[in-house]
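Please examine the sequence and the model shown here, and consider how the chains are built and how they are placed against one another.

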There are 4 protein chains.
Amino acid sequence: MSLHAPVPPSSGVGDVDARCRWLAQRFDAVRGRSAALAAPISAEDAMVQSMEDASPSKWHLAHTTWFFERFVLADGGPYTPFDPAWDYLFNSYYQSAGPMHARPQRGVLSRPTLAQVSDYRDAIETRMRARLQGGDLDTRLLDIVELGLQHEQQHQELLLTDIKHAFFSNPLHPAYRDDLPHAGGSTAALSWIARQESIFKVGHAAWPGDAGFAYDNESPRHRVLVPAHALASRPVSNAEFLAFIEDGGYRTAGAWLSAGWDTVRARGWTRPLYWNEACEAEFTLGGWRALDPEAPVCHLSYYEADAFARWAGARLPTEFEWEQAAVSLPVDGNFVDSGRLHPSAPANASTGLQQMFGDVWEWTSSAYTAYPGYRPWPGTLGEYNGKFMDAQWVLRGGSCATSADHARASYRNFFPSDARWQFAGLRLAKDSA
Amino acid sequence: MSLHAPVPPSSGVGDVDARCRWLAQRFDAVRGRSAALAAPISAEDAMVQSMEDASPSKWHLAHTTWFFERFVLADGGPYTPFDPAWDYLFNSYYQSAGPMHARPQRGVLSRPTLAQVSDYRDAIETRMRARLQGGDLDTRLLDIVELGLQHEQQHQELLLTDIKHAFFSNPLHPAYRDDLPHAGGSTAALSWIARQESIFKVGHAAWPGDAGFAYDNESPRHRVLVPAHALASRPVSNAEFLAFIEDGGYRTAGAWLSAGWDTVRARGWTRPLYWNEACEAEFTLGGWRALDPEAPVCHLSYYEADAFARWAGARLPTEFEWEQAAVSLPVDGNFVDSGRLHPSAPANASTGLQQMFGDVWEWTSSAYTAYPGYRPWPGTLGEYNGKFMDAQWVLRGGSCATSADHARASYRNFFPSDARWQFAGLRLAKDSA
Amino acid sequence: MSLHAPVPPSSGVGDVDARCRWLAQRFDAVRGRSAALAAPISAEDAMVQSMEDASPSKWHLAHTTWFFERFVLADGGPYTPFDPAWDYLFNSYYQSAGPMHARPQRGVLSRPTLAQVSDYRDAIETRMRARLQGGDLDTRLLDIVELGLQHEQQHQELLLTDIKHAFFSNPLHPAYRDDLPHAGGSTAALSWIARQESIFKVGHAAWPGDAGFAYDNESPRHRVLVPAHALASRPVSNAEFLAFIEDGGYRTAGAWLSAGWDTVRARGWTRPLYWNEACEAEFTLGGWRALDPEAPVCHLSYYEADAFARWAGARLPTEFEWEQAAVSLPVDGNFVDSGRLHPSAPANASTGLQQMFGDVWEWTSSAYTAYPGYRPWPGTLGEYNGKFMDAQWVLRGGSCATSADHARASYRNFFPSDARWQFAGLRLAKDSA
Amino acid sequence: MSLHAPVPPSSGVGDVDARCRWLAQRFDAVRGRSAALAAPISAEDAMVQSMEDASPSKWHLAHTTWFFERFVLADGGPYTPFDPAWDYLFNSYYQSAGPMHARPQRGVLSRPTLAQVSDYRDAIETRMRARLQGGDLDTRLLDIVELGLQHEQQHQELLLTDIKHAFFSNPLHPAYRDDLPHAGGSTAALSWIARQESIFKVGHAAWPGDAGFAYDNESPRHRVLVPAHALASRPVSNAEFLAFIEDGGYRTAGAWLSAGWDTVRARGWTRPLYWNEACEAEFTLGGWRALDPEAPVCHLSYYEADAFARWAGARLPTEFEWEQAAVSLPVDGNFVDSGRLHPSAPANASTGLQQMFGDVWEWTSSAYTAYPGYRPWPGTLGEYNGKFMDAQWVLRGGSCATSADHARASYRNFFPSDARWQFAGLRLAKDSA
């Protein structure tokens, strides 16, 4: 797992050949990880769409491949697609790339088969490798290759959260893998890290450019005034969240946003998504497990995270407070690379800042909106991020299902207030007196 | 295909051993047909639930097996189920048999796998054969075996209509089989068979009893007064239905029931379910085919059948008019046994009564209600038919997806007014002057 | 209240002038009753649409007036409408009379005001009286006048059931009238009136014709075979229905139709619509009242009536069984004319056939379908009844909200299975051994 | 209309008697305006709830009165409510004040009548005046009186926007008033007012306190870094928005947020809410009027404002950019006080900053979230603002339906992305190079 990964050969500088080689290597690594993550998933499992927000594994595997085919291979001159009918099937949401199959209907796609999708992956990989080795990809296309790999890493995380939901939706509750390691660890008492008001430069220099990859929504890097505040040393634990439940947290309106309380009642929420009714076990990618009181609480909606924070006399941090604390830390933690696929208490309990990266995405109190001076990428890829800046909240830090080399301090994940199926928890913050 | 199949050894008479042997033979035949019908369906195809009304093929295969396990094998003494968790999964709607998996969620069941379901079928078949050969099944249980085979035949038809809908829902429109025979044939001009008012005994003697199998909803056999009327010699053809479309049938409220017209507008109906927009081709289990103007029109809702009849200056027949005409005919026609799996014009055009059996289910103007003196079967199996006597219409005659030895003149199929995915068409009737 | 009302001067025979005079007199009586029923309803009350199935009182008052304007006054030559914009507002469902205001939006019509609608009623009444006195209405238009009065009587009943629902929807639960008389009465033990199989002529001669008014759906009069059966001497009482509740009737699936049980659970039904939670009081047009155990149970859906009958070891009668028993009785009972506006136990308990007319509409087991030879009225008025022959059940006998001279033995009311806001109860029937 | 209204006697300082006198005077003025605004609305008009988001006028009049009764009069010692049953009816959303009538059902409340609500207003006003004169209201209760008046002013605006929607929902399209003055005026070419990056103190000192009234969501006043940017001199005009429509703005996905585009298609939006199909006239509180090309465009959702800005190569301002520009301006403009009740072009065209206050609320790109250090008011009134900080956007500046003395530079109005029935338009902003 990458600690302080060196900035890769960038689009803005130096040797195109070196970048090609680096991208070819990375292409193999990322594509290989998708294959590895999909390995425990049968052709049947790969069909399940257990809710509209989730997609079948097979669709993730095909869509990430389509991305390379549509935006790299088919770019420019004449191109013979692998199958012309698939463009419609595996376009996710790019209106300017043509019409698309309805998202809630992804589960009906028994064809193409998983084997055909696997062949598709092989064929496109072959073509991509040829292009990467052929040296005829210009800087713009190399950028798209790099983006396509980041894109695939996002879908790797979704593949895991979606298959977890799929298996939970099956009354048999099968495990994704039976051999997942259990991590012990323990947490220290929560402490507060205080910081004075300051002007801080948040965000990431626009990519492509000199500074390595970032999504368009992370730029431009810009100055913000961060008020005095204190940040909790670690995420909220299962034991702490249990106290909220035992205090009637889900039974009284007091701590909840108005729409949150409506949601609690309409859907009958009484605990985090994957907990059993007794609040003693939780469903994991390794099946049912006893709830570890020391591990970070997970699979909360924004509504639950926000209500817990209010109940606890605290609040969620802003994304700027979070980034300011994270920017100087190594991007290190319980990522997908650890192979645990579940949040866990840290190996070494400490009262210093812990678990900022990995384990659970941390809901922030920042709505997902544009940074001042934000410009979407040009063309169709401008639909990647900007058009979703509406009624969502920013999450930070990555999770146990995120690739380590996909995470960074400026990374802005986003989900609407009622989304629970991501590996999402929270860290408390407080205003300074 | 069975012409005048001899009444099998009945529950009410004679030799239990003979009945056992006959049932064992029939068990193999019916179960074998399910396997044959499922053969072209991959594990992935068998997962698809393209709408709430339809079920995945795998579910049909498992549920029909569960029926034997639950109602025959597990009846009485101690029994070790194949898998105790599956009782919940494969109960369809028997409230008195315990809680059940939600119908709209059948598509999430990647587990058990198709292979496991296949093993399940094998295992239960082995146990069933042992019981049938062992001679320890009493008359009541032999009755349930017989019912279970009829039940499986119903699901064979649903398996075909559901997979057709599943494949049509996939933008790739795969064919169920590529080798389906095309049937030529031609229709004669429609003629009218008139009949005077009469008292007619409709229905079937209650089963179990002396008279062979029938569902509880077909009994008791009872006298009804059938008014003078005339019945069309054959079903409405594609060409005739096309004239309705070309006359603006789907564009004006005139001929429609009120809720039918609302449905036409809300769902944007402009033609039968599987026709292409140009009304020149239709999607079949063999893929897209040119529309045969002579073949019976198919995949109509009650609303469409009723509106067509009104537009044509006629009406739908009552189920009694239909049965009276059918009762003396051989149960002969284009059933699933023909292997065509699509309605077709008859081999020999005639102005006599044609195609009463097979090809398309014929919507009648009879609401699906209880016959006078109707008694549901005792116990859990009493939920089989009676509790659906609400807001549905009776269809008669069987279709190209029905087994010949499952059809009979007294058979009452039923669907709600907007159901289009069955092989359903219509035959006209007229009041006599 | 009318006992054996003499057949009025009919469209088919005799003196047009006499018919005109009779209709003019009846016009005043019926229109006057609408005004009297609307008297306790303020302009604000007359606005409420408490559910999609119900209409505001004001709308009923205007629509019944529009009926005369549109189908009588505006028929034929040039006509200056009272307000041309109102045609759109007060057309209910006549597609062939032009577009119409959406039914669920009737509650937004603060304009025209109730005062304007009252002026509208006055103005159209003046014009109608002039035409009726002028002697220029031909037989066809006189028929429509007669129909319009029957139509208005139907809406008088709906006005009462809709305002009852409106007041119940208001947490203050105001009474429609504070001065409604309470009727005592008592019921005898239920007895069974048995009848042998017979051929019976049901229905009513087509109107217009010699035999007085009937809706098109009651004709043609035709022969049916009614099987041997027994009919309960009186409707089911509140006390009897309470026993069903106390036996867990609403808590177990056993007695319910499948869709009925789904409805019970989805809507949380535990008792008839207007009963309080303790099942000790019911909401009436006179406000809350103690439940009279002897009075007929009321405000049941078909689902509840059917489930009760099954639980009681009986069934609902067919509409033919009902009509055969009713046809020789005087059309006498607790109609709207009694001024009670609530079902009550009969003044004289008896084990003979009681309360066939008035008190509560009686759900039958007959689906609402066309009689053999049924022809809708010609033209736009053909939309009156026929297009609703889908997924509804027939109710017979009239209720405490029906006009006595609107009821008759052949009258077929119809509502879908889940409708509860009508004055609907049930009478049991049984198959004969 | 108030220019630089002097800060009223505050809760935090000086003479309680003076404050009482000032509040008594203001109480009469604000309550009087409600009555004046309600004058053209009949008892029937006051019943209409044309959509869930809107409330009947009568409800607004009662709820604002309930606020004083519940939070001032009933506070503390024993109190005899005007009608104990009304507490349930007229609680809007205060969970901690007890259960409440369902919002979408407000339209069924024909009782209490408008006359009774008017009596209620009179009675509570009498009691309130007695308390204000009696001198027994402590500072805390005087604060609630002040809040109650601000609260009533908010509902005055909603009363106007809701009755406008109600009248538009009626096919007769009645005018709220027939005598509304038309304002001429003309706009200058749009110019850009640029500003360098700066640190600016946004918001309002917490109330109650020394600095006059503000909602809790406007505080604490705090430092933010506002980046360099340019702000348009005036709101977008009808003519400018028409160019967007004519350029296919509603027909292509390009400029829209993802959920915005879904909304456009699902609801068939092709123009602002109250425009006619030809885009030549708009429905106003004075009825239909020719569209004034110079007047600010109005009745846009956030989706439309945001899409227009993107199409125009600009963006929406942040609420901080807006406030920084507004804070030094007089709170002057086309408010409800002008009596026009519709946005209009300014009397004097200018290229300086115009129409920041009044005319139309201006959508900002700021999500409605808490200011750092935000504390809701204590107790039940803490539910006033904070619990709605979810999936809404801030609007600034007030509209032609806002009271001048209710507006201020720090005022944060908020609505979700698809709300169109408010007087909401937009002002463009740009990033500085």
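The paragraphs below begin with conventions, then treat the parts of a single chain, and finally turn to the contacts between chains.

This is a predicted model, in which local features need pLDDT of at least 70, side-chain atom pairs count only at pLDDT 80 or more, and totals for chains, interfaces and linings use all residues. Residues are numbered from 1 along each chain as its sequence is written, while chains are lettered from A and ligands numbered from 1 in the order in which they are written.

Chain A is divided into domain 1, residues 16-169, and domain 2, residues 192-431; such bounds come from an automatic or database domain assignment. The C-alpha centres of domain 1 of chain A and domain 2 of chain A are 27 Å apart. Between them, 20 residues of domain 1 of chain A are in contact with 17 residues of domain 2 of chain A, where contact requires that the C-beta atoms of two residues, placed from the backbone, lie within 7 Å. On the side of domain 1 of chain A that touches domain 2 of chain A, helix H5 (residues 139-169) of chain A gives the most, with 12 residues. Helices (H or I, at least four residues) and strands (E, at least two) are DSSP runs, numbered from the N terminus. The residues on that side of domain 1 of chain A comprise 8 nonpolar, 7 polar and 5 charged. In this classification Ala, Val, Leu, Ile, Met, Phe, Trp, Tyr, Cys and Pro count as nonpolar, Asp, Glu, Lys and Arg as charged, and the others, Gly among them, as polar.

Database annotation can be set beside this division. An unreviewed UniProt entry carries the annotation "domain: DinB-like" for residues 27-158 of chain A. That span, residues 27-158 of chain A, is 57% helix and 0% strand, and its end C-alpha atoms lie 19 Å apart. The annotation "domain: Sulfatase-modifying factor enzyme-like", from an unreviewed UniProt entry, covers residues 204-326 and 349-430 of chain A. UniProt positions are given in the numbering used here, feature names are shortened, and annotations may be inferred rather than shown by experiment. Residues 204-326 of chain A are 30% helix and 14% strand, with end C-alpha atoms 13 Å apart. In residues 349-430 of chain A the content is 0% helix and 24% strand, and the end C-alpha atoms lie 22 Å apart.

Strand E4 (residues 229-232) of chain A pairs with E13(A) in the antiparallel sense over 3 bridges. Within E13(A), A:Lys430 stands opposite A:Ala230.

How are chains A and B related? Chain B is superposed on chain A by a rotation of 180° with 0.0 Å of shift along its axis (RMSD 0.0 Å), which is the relation of a two-fold axis. Copies are superposed by least squares on the C-alpha atoms of residues with pLDDT of at least 70 in both. In chain B, the C-alpha nearest the axis is that of B:Glu44, at 2.6 Å from it. The same surface serves both copies, as 100% of the contact residues of chain B recur in chain A. The contact takes 25 residues from chain B and 25 residues from chain A. Helix H3 (86-90) and helix H5 (139-169) of chain B each supply at least two residues of the side of chain B that touches chain A. By class, that side of chain B has 13 nonpolar, 9 polar and 3 charged residues.

Chain B also meets chain C. 25 residues of chain B are in contact with 25 residues of chain C. E3(B) gives the most to the side of chain B that touches chain C, with 4 residues. That side of chain B divides into 14 nonpolar, 7 polar and 4 charged residues. No contact joins chain A and chain C, whose closest C-alpha atoms lie 13 Å apart.

Methods. Pairing = 2+ DSSP bridges.
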